[in-house]
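Hi,

Here is the structure I promised to pass on. Have a look, and then read on for what turned up in it.

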Amino acid sequence: MIFENEVFKQDWRSRKKVQIFQYLILKWGFALLIGLGTGIIGLFNSISVENIAGFKLLRTTSLISEHRYLEAFVVYAGINVVLAAAAGALCAFISPAAAGSGIPEVKAYLNGVDSHSILAPSTLFVKIIGSILGVSSGFVVGKEGPMVHTGACLASLLGQGGSRKYGLTWSWLRYFKNDRDRRDLITCGAAAGVAAAFRAPVGGVLFALEEAASWWRSALLWRTFFTTAVVAIFFRVAIQFCSTGKCGLFGEGGLILYDVNSFTGTYSASDLVATILLGIIGGLLGSLYNYLVDKVVRTYSIINEKGAAFKIMLVVAISLLTSCCYYFLPWISTCAPCPTDKTEICPSVNESGEYKRFQCKPGYYNDLASLFLNTNDDAIRNLYSSRLTKEFHISSLGIYFATIYSLGIITYGIAIPSGLFIPVILAGAAYGRFIGTLFKPIATLDTGLFALLGSASLLGGTMRMTVSICVILLELTNDLLLLPLVMVVLLISKTVGDSFNKGVYDQILKIKGIPYLEAHAEPYMQNLVARDVVSGLLITFSGIEKVGNILHALENTGHNGFPVINEPPFTDIPELCGLVLRSHLLVLLKAKIFSKERVLVSHDTFQRISALDFGKPGLGKGVKLEDLDIKEEEQDMYVDLHPISNASPYTVLETMSLAKAAVLFRTLGLRHMCLVPKSQLRPPVVGILTRHDFMREHVLGLHSNMNPH
């Protein structure tokens, strides 16, 4: 929402055509910069992960081939622990906000929840480096969530004109000084993050629309599409460059792109039965996954609160557990002879091969090692492959699924940047191929396509997204003919999962105590009216108020908005003049535009303050209460609040249904909603609602005897 006070309106009226043109150019220019910046970071991330993980796997495989098994484990686990500890230390000491996926935090910001550290430059730095270290260390995590957070941080840095703390400020960029423009940029950044992680530009736009953004406008659709198109073009050029071998081990398989376009487009009734079964299983496993992640994150939060040392020790412990599982579980798998009709070299000789020899004799391969001793991207590519019809034994698929499913749950919540998409895609692909192997005698689809459907079902069961996941998977796999089955499996898994609990990102928002406003009102809100949830003392100001009264209110309350009331002799009866923000009051008090008499100030007096000073400050910026230097004699002077008051605040009758007020509050993107009385004999404002007044805990705390269902 744009706060339309007289200062803002005058600023827009005074702008020349060249300034308006510059504003429009900057909006599209920022979209271009966000796309390029996110693309560069995504490419750097992919190249780094492929080379670091590739070196580790090549060294481990080399030692195993020389039968130096213990030394191979020490090297493998040692590199993993060092990388994991470095990622944990970055999060623990520099930016704790960089831990986790980042998607819930971006969702919260786009829902209207401001937080100082969510999009800070330090968070951007730790998110980039920590994600590279975490993924390279072999954790069951992905870079997709961190890439969304990275794109949002980059957009925020541009939108607020840089960072004053780090000496990176550009005054000519400070055009985006309101919530709407800032949120639009961050939405573009989130879409670019998905496009960079998955090489799915259309999927990125749909992800921003379906999951990230709370408010959407048609003009924003064009800019997000342009941003993701820039990312796609950049990656296409970069891949062509890297295919020449100039990017180290990155080139052929560094980015996630699983080509399964061997599907002919025909399927039988047994395939539909298997698809429905996958959807049901995906919904059940997804809801269980969300339930267990909820418990694990709550447990880890108790450990992480004990300090940085405990955070790092937890990261190291999970890293050691993951390394042990990845290295020792392949030993229980039996060696299988290399297929005679193979199109790939068997056993494999590179770090991302499909037939890992591990401890087997020449001419044989270990199917579990082909999954565990690979990067996550290459493991998914192997599971999706339609060429490898007999590579994975059904018992190996069961072991791999159980391991990835469990490790994905216990890894999320530790102090490293970690995405949830890859663990879910991996686990889904494993049980999808497992089901495909069972149905192989009667099904026409190959097991690789069942793996894709399994990933779709588990994604639908955990994330509870449909349209964006469907398009992302189609862009990943280059197979439009599989669209009907993917749609069916997503719809079924989401429906089954919704009957048990909420999506994983919604649960994480709740765990972190973030006041996120849902798109729909809770059922119990139908039985309440707006005045039923008003709590605390209402503080109002006169149109021309004493400096001391304002200072006292700011010092003794944490309110961010105050109704402004015009009183006699300026009006015949008290009437609502507008709403003034705390941040604007601080700017006004610091400028000391005071008068000894209670009179309206002239327009020229306010020329001493720039309209930019009243704009939305950057993260951690803005005037603070301790910055004020108000002398005792100045507290008896007066200040005119009319020029900085929003003269058209959103108001509703106190008797409006709370459900209706909640939907209105979220739909309009409000921060404050004034309640006006039904009777004219009462004060012009009887209460003010903020997002906290619509939270479940607040409402049920005031009405404990109410049934929440």
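First, a term you'll need: buried means under 20% relative accessible area, exposed means over 50%, and partly exposed is in between (1.4 Å probe, protein chains only). Keep in mind that this is a predicted model, where local features need pLDDT of at least 70 and side-chain atom pairs count only at pLDDT 80 or more, while totals for chains, interfaces and linings use all residues. Residues are numbered from 1 along each chain as its sequence is written, and side-chain values use heavy atoms, with hydrogens and water left out.

The overall picture

The protein chain has 23 helices and 12 strands (DSSP runs numbered from the N terminus: helices are H or I with at least four residues, strands are E with at least two). Along the principal axes, the C-alpha atoms fill a box of roughly 95 × 50 × 50 Å. Buried residues account for 57% of the 709. If you take contacts (heavy atoms within 4.5 Å) between residues at least 6 apart in sequence, 78% of them join residues at least 24 apart.

A well-covered helix

Why is helix α21 (residues 582-591) described as largely enclosed by the rest of the structure? Seven of its 10 residues are buried: R582, H584, L585, L586, V587, L588 and L589. Just after α21 comes K592, with a positive phi of about 55°.

The annotated stretch

The unreviewed UniProt entry carries the annotation "domain: CBS" for residues 644-705 (UniProt positions are in the numbering used here, feature names are shortened, and annotations may be inferred rather than shown by experiment). Over that stretch the chain is 27% helix and 16% strand, and the end C-alpha atoms are 42 Å apart.

T655 sits in the loop between β10 (651-653) and α22 (658-667). It counts as partly exposed, because its relative accessibility is 28%. Leaving aside neighbours within four places in sequence, T655 is in contact with V529, R531 and K678. T655 and R531 are 124 residues apart in sequence, yet 6.7 Å apart in space, C-alpha to C-alpha.

Other loops to look at

N111 is in the loop between α4 (103-110) and α5 (121-136). At 0% relative accessibility, N111 counts as buried. Not counting residues up to four places away in sequence, N111 touches S214, W215, P515, Y516, L517, R666 and R691.

Two arginines with positive phi are also in loops. R199 has phi near 55° and is found between α7 (179-198) and α8 (201-212); its relative accessibility is 17%, so R199 counts as buried. R464 has phi of about 65° and is found between α16 (447-463) and α17 (467-477). With 8% relative accessibility, R464 counts as buried too.
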